[in-house]
Amino acid sequence: MPMKKVCPRCGATFECMHDRILSCHCATVRLNEQQRAYLQKNYPGCLCHDCLTAVKEGIVMDVCDASLCDKQKNNDKKSIDCQ
């Protein structure tokens with residue numbers, strides 16, 4: 001049974017198919033070891049497909065710019081990670 005989750009990176013809601021992992025959106029995004037380590041270090045749970053794709057494409061920052069944080073709070077999918 002799919003579970004509704006909220007992406008900790010952008011705030012979007014999505015369905016997690018944890019019980020059928022091969023059908024889940026996360027199974028379609030292939031991340032390398034460094035990308036997986038980044039996610040484990042920075043996020044407490046599953047990310048939405050758009051955010052997983054952004055991490056795969058390298059759209060992340062270590063330093064938070066205030067204007068970028070505001071975009072993230074407003075659920076802007078093009079925002080960059082802010083800690």
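This is a predicted model: local features need pLDDT of at least 70, side-chain atom pairs count only at pLDDT 80 or more; totals for chains, interfaces and linings use all residues.

**Exercise 1.** Does Y43 count as buried or exposed, and at what relative accessibility?

Residues are numbered from 1 along each chain as its sequence is written, and side-chain values use heavy atoms, leaving out hydrogens and water.

Step 1: buried means under 20% relative accessible area, exposed over 50%, and partly exposed in between, with a 1.4 Å probe and protein chains only.
Step 2: Y43 has 10% relative accessibility, so Y43 counts as buried.

**Exercise 2.** Find the aromatic pair and classify its geometry.

Step 1: rings of Phe, Tyr and Trp (its six-membered ring) pair if their centres lie within 6.5 Å; planes under 30 degrees apart are stacked, over 60 edge-to-face, the rest tilted.
Step 2: the structure has one such pair. Y38 and Y43 sit 6.2 Å centre to centre with 70° between the planes, making the pair edge-to-face.
Step 3: Y38 is buried too, at 16% relative accessibility.

**Exercise 3.** Which side chains meet in the salt bridge?

Step 1: look for a side-chain nitrogen of Lys or Arg within 4 Å of a carboxyl oxygen of Asp or Glu.
Step 2: there is one salt bridge, and E15 and K4 form it at 3.8 Å, N to O.
Step 3: E15 is partly exposed at 42% relative accessible area, whereas K4 is exposed at 63%.
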